[in-house]
Amino acid sequence: MLFSELGLGSEVLRAVEEVGYTTPTPIQEKAIPWVLQGRDVLGCAQTGTGKTASFTLPMIEILGRGRAKARMPRSLILEPTRELAAQVAENFELYGKYHKLNMALLIGGESFGDQIKKLERGVDVLIATPGRMMDLFDRGNILLTDIKVLVIDEADRMLDMGFIPDIERIVSLLPRKRQTLFFSATMPPEIKRLADKFLTTPEEVTVSAPASTATTVAQHLLVVNEQDKREALRRLIATDDVKNAFIFCNRKKDIAVVHGSLVKHGFNAGALHGDMVQSKRTETLEAFKAGSIDLLVCSDVAARGIDISDVSHVFNFDTPHHSEDYVHRIGRTGRAGKLGRAFTIATPEDGKLVQAIEKLIGKEIARFTIEGIETAELSFDADPRRRGRGAPKKDEPRRSGRDRGERTERAPRVERPAHVHVEPEAAEAAIEAHQHKRERHEPRHDRNRDRSEPRQDTRPEGRGEFRRDEHRRDEYRRDRDDRRDRRPRRDEDDDRGPPVVGFGDDVPAFILRAARPPKVSAVEIETVDGVEA
DNA sequence: AAAAAAT
């Protein structure tokens with residue numbers, strides 16, 4: 001099957017061809033003809049299946065005929081996150097190259113002025129997150145009476161995020177006579193009910209998960225104690241052949257800590273979460289895409305749908321609380337037929353979470369160990385939250401630390417699969433190669449230094465005053481993050497770290513990331529290359 | 001338990 005057989009016009013086909021595609025993905029093949037016929041479509045598909053193009057291509061075709069009037073958009077696409085909305089907008093730009101379609105991206109965190117200006121000029125395609133869309137509607141900047149096509153994307157995630165009331169309200173404002181395309185990765189009853197409500201005699205299009213992750217992503221699990229997590233992460237990044245990676249944390253405050261720690265240790269890392277100013281979010285994601293940042297420490301804002309084709313690794317610094325999130329997170333690697341690798345770092349109290357994940361993916365995640373870092377055992381207490389920093393339940397005596405320890409010991413033991421030992425020399429070579437690669441990121445003037453001499457780091461380890469500075473920096477960070485957490489609403493997160501004295505406002509970037517990754521002796525990894533494909 | 005989204 002070729003794109004040219006789907007009924008798309010020559011301009012769209014030319015744009016698709018120029019991007020380099022000739023054959024549609026299954027969902028594109030099934031959905032595009034229905035959309036072109038004006039039918040409603042209920043699509044059960046995840047991101048990574050080519051879902052976006054399955055609606056953008058035929059929409060460009062449909063909207064190509066006709067013109068938009070001021071403030072009366074002709075189509076509306078709703079997305080759960082700003083990044084996804086921006087990604088869909090990019091898709092329209094890419095494939096709508098030979099059409100004169102006006103498009104507006106309505107997302108929060110950006111100025112109203114530009115968005116309103118665009119609406120005034122008349123837009124064919126409106127791509128929005130629900131909050132900003134409703135805001136603009138309530139201000140009278142949008143008339144929804146001319147909407148011909150509605151797309152609800154990632155409906156199950158909209159449900160998770162509590163957007164459904166907004167969506168219902170928005171849909172109630174649209175004309176009854178319209179074409180609706182509804183996409184969801186899963187179809188829980190609540191979603192099914194919505195689909196029935198919004199769609200008229202839809203064509204159902206279902207595609208299986210994108211190569212069901214297991215085929216292209218090798219998965220590993222490391223169980224360590226809380227205090228060893230950061231070192232474990234650094235060792236992993238330095239030892240495995242990491243080109244670039246998403247590093248997922250469960251909490252925003254931990255993102256700051258992990259990001260700060262990586263930067264301090266000389267890694268080229270950026271941070272992304274929903275409380276950062278939008279400009280920073282966009283900038284960081286672009287830098288990661290472009291390769292000027294290797295490591296992206298992020299929250300689940302980036303777990304779903306973010307499509308960067310060439311990511312070598314995903315690290316779960318924290319085990320995700322929802323097992324579906326695990327699948328989405330690791331799905332950021334191993335895309336477009338490439339191989340990827342996912343490492344999850346768990347602590348003993350994550351036992352239940354690991355169990356839930358393994359149940360969902362239908363297999364055990366291969367355990368591995370890192371030499372020199374103590375491997376812990378998963379615990380399967382009834383309520384792991386009570387054991388950690390969580391408060392004890394009402395009407396229950398506070399447990400002492402010793403009590404908690406005993407409970408851990410009584411937990412069932414897990415069988416660990418056999419390990420394959422990686423020879424220290426091999427590990428050394430891998431680290432050497434990794435550090436070599438990093439050197440390409442060095443600023444120009446630094447490249448010509450004499451390599452026969454050991455490098456004089458800008459902030460050498462072990463020099464008292466620098467040590468103190470680093471401690472102060474950590475303290476500063478923790479303090480700053482605490483202050484932020486107490487604020488009712490964060491509006492800025494520039495992650496600049498503490499001021500570096502002596503450079504005024506212009507601290508050279510290399511000062512902030514001059515240190516090299518640590519030397520690692522050896523790492524034991526479970527069948528790294530032979531992991532089941 | 002937390003993250004996402006409007007200010």
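**Close-up views of a predicted model**

View 1. Strands β10 (residues 269-272) and β11 run parallel and are joined by 4 bridges. Helices (H or I, at least four residues) and strands (E, at least two) are DSSP runs, numbered from the N terminus, and two strands pair if DSSP finds at least two bridges between them. The model is predicted, so local features need pLDDT of at least 70 and side-chain atom pairs count only at pLDDT 80 or more, while totals for chains, interfaces and linings use all residues. Residues are numbered from 1 along each chain as its sequence is written, chains are lettered from A and ligands numbered from 1 in the order in which they are written, and side-chain values use heavy atoms, with hydrogens and water left out. C298 in β11 stands opposite L272, and L295 in β11 is the bridge partner of A269. L295 is also the bridge partner of A245; strand β9 (residues 245-248) is joined to β11 by 4 bridges, and these two run parallel. From β11 (residues 295-298), L295 and V297 point one way and L296 and C298 the other way, and all are buried (under 20% relative accessible area; exposed is over 50% and partly exposed in between, with a 1.4 Å probe and protein chains only). The open sheet has 7 strands in the order β10-β11-β9-β12-β13-β8-β14, with parallel pairing. β10 and β14 (366-367) stand at its edges with a single partner strand each, so one side of each has no neighbour in the sheet.

**View 2. The largest nonpolar core.** This core has 35 residues, and those with the most contacts inside it are L57, I77, F92 and I127. A nonpolar core is a set of buried Ala, Val, Leu, Ile, Met, Phe, Trp, Tyr and Cys residues joined through side-chain atoms within 4.5 Å. Elements that give two or more residues to this core include α1 (10-19), α3 (51-64), α4 (82-95) and β4 (125-128). The most, 7 residues, comes from α3. Another core, of 31 residues, lies apart from it, with M158, I170, V171 and I191 among its members.

**View 3. Surroundings of I127.** With neighbours within four places in sequence left aside, I127 is in contact (heavy atoms within 4.5 Å) with I77, A85, V88, A89, F92, M103, A104, L105 and L106.

**View 4. L236 in helix α10.** Helix α10 (residues 229-239) holds L236, which counts as buried at 1% relative accessibility. L236 and F315 are 79 residues apart in sequence, yet their C-alpha atoms are 9.0 Å apart in space. Beyond neighbours within four places in sequence, the contacts of L236 are V242, F315, F343, I345, F368 and I370.

**View 5. Two loop residues with positive phi.** E154, in the loop between β5 and α7 (155-160), is not a glycine but has a positive phi of about 55°. E154 counts as buried, at 7% relative accessibility. T201 lies in the loop between α9 (189-198) and β7 (203-206), and its phi, also positive in a residue other than glycine, is near 30°. T201 is exposed, with a relative accessible area of 59%.

**View 6. Y21 in the loop between α1 and α2.** Y21 is found in this loop and is partly exposed, with a relative accessible area of 46%.
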